[in-house]
Structures are given as C-alpha cells and as structure tokens.
Amino acid sequence: MIRNNYRLLSLTLLCFIAFIHATNSSAQDKKNHTTVILSLDGFRWDYPTKTATPALNRIAHDGVKAVSLIPSFPSKTFPNHYTIATGLVPDHHGLVNNSFYDPKLNKPYSLSNKDARFNPVFYGGEPIWITAQKQGVKTASFFWVGTDVDNLHPDIWKKYNQQTPFPERIDTIVKWLKLPLAERPRLIMAYYHEPDESGHNYGPDDKRTLKTVREMDQMVGKLYQQIKELPNADSINFIIVADHGMGAISSKRNIVLRDYIPKSWPVMIQGGTPNFNIYASGVWKDSAYTALKKAPHIQVWKPAEVPAYLNYGKNQRVGDIIVVADSAWSISLSKAEKEGTGGTHGYDPRNTDMHAIFYAVGPDFKKNYVQPSFQNIHIYPLLAYLLGIQPAKTDGDLQQVIEMVKR
Ligand code: AMP
Ligand code: ZN
Ligand code: ZN
C-alpha cells in the first residue's frame, strides 16, 4: 500500500516535471521565433477565387488559411489596422473612422491632417509593438498604421510614404531578418496600399483590379521565397492579412447628404463614403436626425441605437448621429461630389464583401489547416502568443484562434 502510494507520487512528480519542461521549452522556442506580418490593404477574402494566387495557395498548403478575416466596424483602413495592432474595436482604441472629430480635445482627425495623424492623443490602447518593446522584444515596421506617430514608435520605423516601391519594402524586411541576433527585430509589421487603390478605382471584379491582385500575390511569393532561403527560416512565422474587403458601387446608387442637411445648418459632417459621423448641438441634433431618417438606402443611428454587434457608439468621437450606407450604396456630401462607379468599403462587417484575407505559415502554425472565419480583434493575442509575451487586456481572445497554432 505504502509502496503503491510512493509509486503514484513519483509518477505524478515525473508528469509535473515533464509538463513544466514542455511549457518552458515552448516559451523558450518562442523567444527565438520571429513574426513578420504583412497587410495588403483591401485584399478581399475571395480574390483567390476570382484570379490565380499561387503564392497564397502555396502558403495555405504549407500553413494556415482562414476562410475569412472579419473586420471591425467601420470597415475602413485606419480603424482596422489599429484594431489588428491593439486587439481593441475602434470604439475602444479611438480611431472611430478615417476622419472624425474629438469633442473633448476640440480637434478633428483625418489622414490628411498631419498634426492630428502624428498626435498620440488620438491613439488609445496598447499596440503590439509597444507591448513587445516593454518586454524586451525588438520591433520594426514598414508603414503599419500608428507606427509613425510621435512617441509610439517601434525600434525601427519609417514615416509613411506611399511612393516607396513594394520591392524596396521587401528587400528591407529581408535585410532586417539578416541583422545580427542582438539587433534583429522579432516582430516586423509591413503594409502596402494595394489592391485597395485598384479596388476603389475599378471595383472588385474588374480585370485591372484582379491584375493588381496577381501582382500582390507575386510580391508575397517573392518575400516567402526569400524567407525560406534564410539560414534561420525555420524560426520565422509569416502572416499575410488585410484590413477589409471591397464592395462594388455604382454612380446610380448614391445618396446626397446635402439634400437632407442644408449647408446653412450648424452641423459638422466628418467621414467619407459610406461612413459619416455627424456632430450637432441643441435642436440641430434632432433636426439633422429627423431629416436623415427620411433618406433611403442608408442607416441613421443615434449612438445608443447602433446595433450591439457593431460594438460602436460609446466613444464620444462617433458624434451625435452615425450614418452608414446599405451595401453597394454610396453617400456623397453634394451632387457635384457624387461617387462614381468602382468599389468601396466601410459597410457592416456582416456583408461578406467586407471580409479580408488571413494566411500564415511558419514553425508555430499547423500545416494545410483551414481556420473558420474570425474577427480581427483576435490577431493581437495571437501575435503576443507567437512572441511569447504577456498580452495587454483587450477585446480579443486567443482561444478563438488557438486551433491554428501548433502546441
Ligand atoms: P481608405 O480610405 O480606408 O481606403 O484608406 C486607404 C489609404 O490609407 C491608402 O491610400 C493609404 O495610402 C493610406 N494609408 C495607409 N497607411 C497609412 C499611414 N500609415 N499613413 C498615412 N496614410 C496611410
Ligand atoms: Zn484599407
Ligand atoms: Zn480603401
């Protein structure tokens, strides 16, 4: 009896030691692993079914592909890149649209307003590169949204310049991956503005957009090949994502805001098709709301009326009235600015045209694994896991994406 108890005790102890060893060695492995995450703006989830994308298909075969990556509302560039970086929905990190107004600061924000764009006061939450830096992990970025903001920089960063050719960005990433170990970043975040631009100009089904999609795929293939040729290739995870998809629009489906809110009214309008945030005071709030409610093909909400699944409306920056067009519809301020035919995004993420891509390959990812569609808030905890660091508290949940990684 005593002997049996002794055996049981030794067995339990052995199992415990083995468990500690396994967790330590996987945390140890992660300390040596590098993650490269590349965002291709507006790369819609199903472009690989519309044209040939051999590089992405190869990555799906060698690693993981998600059915789709679900953007956060509004499905715009700045809100979503910063959601991927922070694990927070736009209402929580504060970039509630590509342009908005902050009533407390009494300041507008927009992509073209450089004072605002570089001002850290607009950027809430803790982006992954800051979490990593705080825990001693070196980080680098080639143009990820937020990385050129004052006092918010990774160790290596660049001021955004859309003209920088894609091949130059790839060569630089490879150069970073070849740095001596002590200088080498273990998190690299990169960005390119296509196929978003072509998608806007021509729409998601046009052959010119699909040509750009193939060119982006070739760039992905080039980077993947160069990563595979590195001596430390088996320690590099490579993730390709997008911020949102792209939906077809037509000049025949356009609502003009000024038809409902005359210019003479003291009402401020921020945003761009199909998302607007409207700021008014006193009786003008109700006048604007009542007038807009009469417009067809758009949704008009007071902040408290926004459907709960959109997680939007608690942040003061959203304004007094939130407007979003129904899918495939555009909104312009005036008749003269009427939106043309092509594509756009910003719509309700339940519209699958807004869904983006997620592909990943490397030592921590399963092979030939298809992950169900998931929300982009879960990428932050995934990155923290890959880097072996403690994540900040966010809206994301590692458990939602844990099946795609090897454990
Ligand atoms: P969107 O209107 O949502 O399609 O925004 C896409 C635009 O955002 C692209 O034309 C990019 O040039 C621009 N963009 C992306 N990242 C940055 C950045 N870090 N700084 C400034 N502009 C950016
Ligand atoms: Zn975008
Ligand atoms: Zn866009």
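H200 comes out partly exposed, with a relative accessible area of 27%, whereas H345 is buried at 3%. Here buried means under 20% relative accessible area, exposed means over 50%, and partly exposed is anything in between (1.4 Å probe, protein chains only). The model is a predicted one, so local features need pLDDT of at least 70 and side-chain atom pairs count only at pLDDT 80 or more, while totals for chains, interfaces and linings use all residues. Residues are numbered from 1 along each chain as its sequence is written, chains are lettered from A and ligands numbered from 1 in the order written, and side-chain values use heavy atoms, leaving out hydrogens and water.

Both histidines belong to a metal site. The zinc ion (ligand 3) is coordinated by D196 (OD), D196 (OD), H200 (NE2) and H345 (NE2), at 2.0 to 2.4 Å. Donors are N, O and S atoms within 2.8 Å of the metal (3.2 Å for Na, K and Ca), and with water not among the atoms, sites may look incomplete. Along the chain the donor residues follow the spacing D-x3-H-x144-H. H200 sits in helix α9 (residues 196–202) and H345 in the loop between β16 (342–344) and β17 (358–361), so the pair ties together parts 145 residues apart in sequence. Helices (H or I, at least four residues) and strands (E, at least two) are DSSP runs, numbered from the N terminus. The zinc ion (ligand 2) lies 4.2 Å from the zinc ion (ligand 3).

As for confidence, the protein chain has a mean pLDDT (the predictor's confidence in each residue, from 0 to 100) of 94, and 93% of its residues reach 70 or more.
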